[in-house]
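Please work through the exercises below with the sequence and the 3D structure open beside you.

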Amino acid sequence: MRAETSIESSRLNGVNRVFETISKITKNYAIIIGIFILTVIFSLASPYFFTYNNIRNIFQQTTTIAIVVIGQAMIVTSAEFDLSLGQNVCLTSCILAWLIKFGGVNPWIAILVTLVVGTAVGAFNGVFVSYVKIPAFIVTLGSQMISRGFAKIITQASPIPGMPKEIQFFGRGFIGGSQYGVPVSVVIMISFYVIFMLLMHYTKFGRSLYAIGGGAEAAYFAGIDVKKYKAITFTIAGTLCAISSVILVTRLDSAALTNGNLYEFDAMISCIIGGISLAGGRGKIIQALFGAIFLTLFFNGMTMLNVDPFVQDVLKGCVLIGAVVIDVIRNKR
Amino acid sequence: MNNNLLILDGISKSFPGVKALDRVSFEVKEGSIHALVGENGAGKSTLIKILAGIYQPDEGTITLAGEKVRFKTPYESLCKGISVVHQELKLSEPLSIAENIFLGNLIYKGIRVDWKSMRKKARELLDKFGMSIDVNEPVINLSVAQKQMIEICKAVNHNCRLLIMDEPSATLTEKEQKIMFETVRKLRANGITIIYISHRLEEIFDLADNVTVLRDGKCIGTVPVKDIDKRTLISMMVGRELVNEYPKEKFEVGETVLEVRNLCRKGVLKNISFKVRKGELVGIAGLVGSGRTELARAILGIDKIDSGEVLLYGKPIKFSNFRAAISSGFGLVPESRKTQGLVQILSVRNNICMASMEKVLSPSGLVSKRKEKEYSNEYVKKLDISTPSIETEVQYLSGGNQQKVVVAKWLLKGSDIIFLDEPTRGIDVGAKREIYLLINDLIRQGKVVIMISSELPEILGMSDRILVMHEGELKGELTREEATQEKILELCV
């Protein structure tokens with residue numbers, strides 16, 4: 001009799017554990033449910049939505065923003081934010097295209113220079129936020145304007161089209177043939193997510209960022225070099241912008257002032273709807289990736305349903321506020 | 001004159017999973033100072049929030065001056081003459097004193113704010129409490145004590161009959177406390193009834209007429225203060241006899257570990273020299289702002305030293321930053337547990353391992369969760385930290401257990417010289433003793449412990465040697481045998 005009860009209770013425990021795991025997943029990854037619902041709605045509304053080509057297209061479109069999202073997510077985890085990311089992408093796009101088209105530089109060297117510039121913008125942000133102690137809002141707003149200004153100077157406000165064949169595979173290449181293959185950019189994006197997830201969860205650096213975001217003072221009193229780590233985070237975010245711009249320029253086959261426009265906000269929205277706390281210290285980078293996929297999916301579907309692009313902006317704002325409201329309610333409980 | 005202003009009858013309040021108040025009944029006499037004591041979690045703050053109209057009771061009645069009342073909002077409570085001075089003061093810092101006093105209650109002349117009469121009335125109020133500051137001064141420029149006075153003025157201006165003060169002395173210096181006590185007595189003389197909440201039992205004997213003890217949401221009793229002694233009061237609070245409040249153990253004194261010679265930091269520390277030996281607990285006493293924390297910060301490389309030197313085992317050392325001090329074996333349990341000691345939203349495991357990431361790496365160089373868990377479980381067990389799991393966020397732990405997590409962090413790091421800055425602040429009586437036992441253990445293991453504390457009984461009860469600081473200077477050094485409360489006070493004022 002007693003044995004039976006214990007079996008019964010252990011089975012109950014098992015069931016409970018399954019429920020617990022489900023509730024944990026839905027709590028942290030509500031975004032996946034959102035992606036699922038959107039997919040169903042759009043698939044029902046348009047026969048072209050749930051096709052291999054369109055899904056692949058969505059992933060390919062996500063790559064550039066998703067790589068920037070990694071940087072923003074790290075910065076948000078450390079309880080800061082970066083407004084310059086979008087214009088960093090713009091600046092590095094323009095520099096890359098200009099060097100190749102007008103500077104006659106070898107494309108690979110041009111990419112290298114682009115990476116250096118992106119990193120330098122990030123480092124500028126990091127140093128001024130950490131060591132000169134100017135609020136991130138001011139510093140990154142300033143570097144946003146500076147970056148945009150330089151991009152205008154370089155391009156004289158006209159697009160620079162036509163990228164050389166040898167680097168086009170970043171944005172347009174497929175592994176396994178163009179019909180059913182996987183886009184190179186998606187492979188790059190996934191590798192970056194794997195690397196940065198490891199970095200955030202299994203290294204001293206990543207763990208320190210969580211501590212800094214959760215309570216910078218307490219992190220300092222545990223012997224964590226708060227300033228250094230914050231500066232590094234901004235710098236890495238800059239490098240990621242440059243990487244994103246390489247993919248963007250080769251995908252669009254052109255650099256223009258519209259490249260990367262508002263990426264910093266899209267990245268922030270991805271973090272928030274993915275479930276990363278703006279207050280810092282909470283959330284996983286992978287959640288932001290789902291946020292970015294959701295966002296791209298949303299706009300892809302809207303475009304497919306011929307929704308006015310101006311209306312799309314309104315909807316984007318609604319999605320953001322809706323996500324935050326849900327987050328607030330969830331945290332209250 | 002001896003009728004009851006406030007009668008609480010069978011007040012209960014539950015939150016999901018806890019019964020915060022369980023049929024609490026007591027009476028508060030008009031024109032008295034009524035102390036409310038109890039350990040953390042005993043239900044004091046819930047009770048205050050009910051009186052302030054922030055929470056509504058599930059059952060029970062509140063009778064204020066013969067009238068049954070039920071407050072749905074804080075405003076209703078305020079209108080009935082109940083004011084609360086919270087521990088975290090609720091003033092609008094950039095606004096002037098006058099404006100703060102009249103906040104939510106501005107005087108108008110037609111539709112225009114009547115600044116002139118507001119300033120005049122504010123002036124009268126300040127004069128009444130012997131404050132000579134300009135009423136146009138922004139509140140941000142005031143000291144904590146002055147801000148508290150402004151809160152009190154605000155309450156008086158709201159025609160308050162019942163003033164609830166939540167741990168008003170916690171952040172005041174000794175001198176400021178005396179002034180505050182005088183003010184409270186003055187209020188009583190003016191017929192205002194005061195409910196006074198404090199962790200410091202000495203104050204209650206000094207100030208209060210009656211005391212009500214809460215424990216685990218239940219009212220244990222209400223007694224006149226003159227009929228009770230500290231021992232009985234403590235045993236009412238913790239529900240058992242506390243054998244020995246300060247379980248001091250003596251250890252054999254060994255070699256000198258840390259020596260400070262002529263340490264100076266401009267405007268903060270003046271020519272400080274002392275030695276700390278193995279096996280002894282050195283206590284640093286002094287008023288808030290006397291340079292105790294600053295001394296620790298200077299030794300630990302957090303603040304720059306202008307001149308003088310620090311010797312570790314006879315060898316001069318100089319830390320360019322706090323990290324350097326940590327790697328030389330120093331640890332600091334900081335003054336503010338909540339913001340400096342712990343990252344509240346991270347788990348017990350993360351907090352314990354925070355300073356020792358290099359210890360929890362796997363051979364591949366990545367952080368090993370398994371090692372983190374092993375170490376965390378080890379220290380949770382060793383220090384008897386009561387937590388549902390090592391994955392629980394530290395914000396859900398009690399004060400005493402939180403402090404143990406901070407200590408665990410330095411033990412895992414392997415720190416040999418540990419500075420404790422106000423180690424028992426805001427921790428209840430029972431848990432304090434556990435911290436003292438932990439300090440004994442540290443010294444037994446050969447660690448050097450330096451304790452900074454504002455609580456004289458604690459300094460006297462636990463230290464082998466006492467350094468007394470005043471205005472950045474070391475005013476004297478007393479042995480355990482010669483030290484008394486009076487001698488220390490003499491040196492630090």
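Predicted model: local features only at pLDDT ≥ 70, side-chain atom pairs only at ≥ 80, totals over all residues.

Residues are numbered from 1 along each chain as its sequence is written, chains are lettered from A and ligands numbered from 1 in the order in which they are written, and side-chain values use heavy atoms, with hydrogens and water left out.

**Exercise 1. Describe helix α11 of chain A and what comes just after it.**

Step 1: Helices are DSSP runs of H or I with at least four residues, numbered from the N terminus, and α11 of chain A covers residues 226–252, which makes 27 residues.
Step 2: From first C-alpha to last, α11(A) reaches 39 Å, close to the 39 Å expected at 1.5 Å a residue, where the expected span is 1.5 Å times one less than the number of residues.
Step 3: Of the 27 residues of α11(A), 21 are buried, meaning under 20% relative accessible area with a 1.4 Å probe and protein chains only.
Step 4: Just after α11(A), D253(A) takes a positive phi of about 60°.

**Exercise 2. Work out how domain 1 and domain 2 of chain B meet.**

Step 1: An automatic or database domain assignment sets the bounds, and for chain B it gives domain 1 as 4–238 and domain 2 as 256–491.
Step 2: The centres of these domains of chain B, taken over C-alpha atoms, are 34 Å apart.
Step 3: In contact (heavy atoms within 4.5 Å) are 10 residues of domain 1 of chain B and nine residues of domain 2 of chain B.
Step 4: Between them the two domains of chain B bury about 890 Å², with 58% of it on carbon and sulfur atoms; buried area is the accessible area (1.4 Å probe) that two parts lose on being put together, summed over both.
Step 5: Helix α8 (residues 230–238) of chain B gives three residues, the largest share of the side of domain 1 that touches domain 2.

**Exercise 3. Characterise the interface of chain B and chain A.**

Step 1: Chain B brings 28 residues to the contact and chain A brings 22 residues.
Step 2: About 2000 Å² is buried between chain B and chain A, and carbon and sulfur atoms give 61% of this area.

Definitions and conventions. Helix = DSSP H or I, 4+ residues; strand = E, 2+ residues; numbered from the N terminus. Buried < 20%, exposed > 50% of the residue type's maximum accessible area, 1.4 Å probe, protein only.
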